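Reader: I've got the model open and I'd like to go through it with you. Mind if I ask how you back up each label?

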Amino acid sequence: MRRMIDLHAWLGMASGLALFVAFFAGAINVFHHELHHWQEPHFAEQAATPMGMDRLLERVTEQYPDARKRLYLLPDDDDPGVMWFESADSDWVTAHATDFNAEGVHEATPRSALADFINELHFALGIPNPGWPINIGMTFMGLISVMYGVALFSGLLIHWPKIRKEFFALKHEGNMRRYWKNLHNVIGIISFPFHLIMSVTGAAMGMFTVVAVLLGALVFGPQLRGVITEQTEVWSAVESQGNTVIMPRMGDVLSAARNELPELTVDWLEIRGYGDAAGWIDVAGSVPGYVGHHAHVVLDPTLGPLRVIAPGQRSLNFASLSPVYSLHFGDYGGLLVKLLYFLLGLLGSLLFVSGNILWCERRSDRTGPGRSSAFLLRLTLGVCAGVVIGVAFSFLVSKLLPHTPLSGLVALAERGVFAVILVLLVAWSLRASPLRFSSQMLRVAPFCYLSIPLLQTVLEGSHAWLEADNRLINLVLLAVAACLWVVRRQFRKRIRQAEPHPLWVGKVSEGDPRHLTDTEREADAVASDSAR
Amino acid sequence: MRYFLGVLLSLPLSLMLIGLLAAALPMPWQGWLVLQLIAAIVLWMLLALLVALPAKTWPPLIALVVGNLAAWLVLQATPLYGVGA
């Protein structure tokens with residue numbers, strides 16, 4: 001049992017901070033699609049009605065030959081978009097219908113990239129990928145997910161014998177450490193299945209490249225690469241014979257796809273070989289009512305069906321791959337499941353904070369006062385506060401900057417303000433008293449999230465609440481503010497009722513941690529400070 | 001260090017054990033590649049957990065190294081590597 005506790009604590013401490021970032025960003029990222037709409041600025045004087053999907057495709061493929069090879073069309077009644085890989089920039093480019101001027105020429109418009117930033121923060125800690133064959137941030141998070149899985153299994157072995165007793169034991173019993181421990185155990189027990197899903201699917205996605213390379217090297221040989229492509233691609237690569245074809249209208253493409261699969265709801269279209277007779281169109285979307293809901297209808301340019309991949313009509317590989325994604329992203333059961341994932345994501349963040357705090361206090365108790373435990377506690381508090389408040393400021397910048405002359409810098413500023421706040425708060429946390437720092441951060445954080453919907457209401461008026469996606473994101477932000485408020489209340493209540501661990505107060509130096517009277521004095525000061 | 005090495009050495013062993021399972025089952029390995037990936041990840045987690053159980057540090061790590069070598073040798077006797085694509 002002792003080994004299990006050591007393993008659980010070691011793995012939890014090694015992966016806890018990365019998991020906090022992934023879970024907090026992931027909780028918001030559950031609403032990734034809605035956030036894409038929320039981030040678009042709304043001005044009182046809107047531009048003229050943008051072009052439709054067909055005209056957009058014509059314009060993009062005329063001006064960017066790379067887009068003819070492979071492009072993704074994002075259907076949207078108001079502002080459809082096209083995404084393609086631009087070989088000159090070695091990067092994916094997105095163009096929306098509203099980015100084209102009256103003459104139909106594409107003018108690269110600076111746009112907010114908040115949803116993509118939150119997504120990157122979730123799956124790669126925001127570590128940029130400079131186009132290497134392996135995504136460092138994503139692979140790192142995959143490894144973290146494996147460690148998290150081992151910590152989960154060891155946690156289950158530790159708590160299984162006393163699971164029923166611990167389920168009802170959220171008490172402090174005059175001891176702050178006991179409170180953190182009980183809180184950690186209760187959250188862990190309640191959300192164990194969710195965490196198991198997240199660790200396995202997260203590891204499968206994050207470690208895919210490493211596992212595929214090793215499987216090829218050790219087990220299946222060089223043939224594996226071709227087999228993976230064959231088993232996971234919806235249709236084979238285009239082998240052009242040089243014959244051109246007039247592309248069908250996208251409305252007809254969607255009708256043909258629905259004809260093949262009437263229950264299909266379309267998310268995007270992939271077009272390979274635009275204008276080439278050997279090209280194909282993949283209409284990708286969902287069939288509601290299934291956990292593995294992903295579906296594809298592949299059509300040739302004359303709208304003849306090439307392949308249908310849907311629940312009940314797909315290979316075992318597609319049938320196993322689809323739930324990996326949907327179970328991870330929580331997009332299989334409508335708004336209710338999304339809200340559940342959001343809540344469990346926030347609870348997960350609390351699980352990792354409480355786990356790290358427990359580890360620091362336990363280590364300090366076992367080995368005596370030391371700088372490393374104090375440093376790790378302060379680092380934990382600094383990173384957590386930095387991420388929570390940094391994300392809030394990214395949201396604020398995303399809404400505010402498009403209404404200023406600095407609108408061209410919005411995507412850069414969203415990332416920059418997050419990084420600056422994270423670094424500043426970590427630096428501050430390493431110098432300040434942990435108790436005082438936590439109290440101050442918990443006082444500020446709810447207001448940061450409360451101010452985002454307020455700012456949008458001031459800037460964009462009723463649009464902030466009348467449009468469905470805007471309303472949902474604003475309610476989610478208010479829910480984050482409310483959750484932070486509850487954490488603050490509980491934190492203050494516990495300070496009043498129970499003595500904090502000596503690690504939470506003052507500097508760690510000779511003679512520290514301070515004796516009980518100092519601890520009590522500081523706790524009282526923070527409590528009365530908060531009550532004011 | 002022990003836990004770190006345990007996590008590191010468990011990965012190739014879990015992949016090779018899944019490879020052996022693929023060789024043993026009477027169905028084409030290409031048909032359930034995604035399930036192999038998921039099973040390998042779960043097995044990796046469980047092996048890393050098992051390595052932490054014994055009281056001594058080195059025996060489980062040596063067992064992992066020996067297990068990796070043995071699995072690799074047994075894999076050479078299967079028709080998987082480079083065959084049957």
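Reader: How do you know what residues 33–54 of chain B are, helix or strand?

Author: This is a predicted model, and in it the span is 86% helix and 0% strand. A helix here is a DSSP run of at least four residues. The end C-alpha atoms of residues 33–54 of chain B lie 33 Å apart.

Reader: What makes you bring up "transmembrane region" for chain B?

Author: That comes from the UniProt record, an unreviewed entry, which puts the annotation on residues 33–54 and 61–82 of chain B. Annotations like this may be inferred rather than shown by experiment, so take it as the record's label.

Reader: What share of chain B counts as buried?

Author: Of its 85 residues, 46% do; the cut-off is under 20% relative accessible area. Chain B still exposes about 4,200 Å², with carbon and sulfur atoms supplying 82% of that.

Reader: On to chain A. Why do S3 and S7 stand at the edges?

Author: Seven strands of chain A form an open, antiparallel sheet in the order S3-S2-S1-S4-S5-S6-S7. S3 (91–96) and S7 (305–309) each have a single partner strand, so one side of each is left without a neighbour in the sheet. From one strand to the next, the twist averages 20°.

Reader: What makes S5 and S6 of chain A a pair?

Author: Pairing needs at least two DSSP bridges, and six join S5 (residues 280–286) to S6 (residues 294–299) of chain A, so they qualify. The strands run antiparallel. One of the residues involved is Ile281(A), whose bridge partner in S6(A) is Leu299(A).

Reader: Which helix packs on that sheet?

Author: H12 (residues 250–260) of chain A, touching strands S1, S4, S5, S6 and S7. The direction of H12 makes about 115° with that of S4(A).

Methods:
Residues numbered from 1 in each chain as written. Chains lettered and ligands numbered in written order. Predicted model: local features only at pLDDT ≥ 70, side-chain atom pairs only at ≥ 80, totals over all residues. Heavy atoms only, no water. Helix = DSSP H or I, 4+ residues; strand = E, 2+ residues; numbered from the N terminus. Axes fitted to C-alpha atoms, helices over the stretch in contact; angles between N-to-C directions. Contact = heavy atoms within 4.5 Å. Buried < 20%, exposed > 50% of the residue type's maximum accessible area, 1.4 Å probe, protein only. Areas by Shrake-Rupley, 256 points an atom, 1.4 Å probe, with all protein chains shown as cover.
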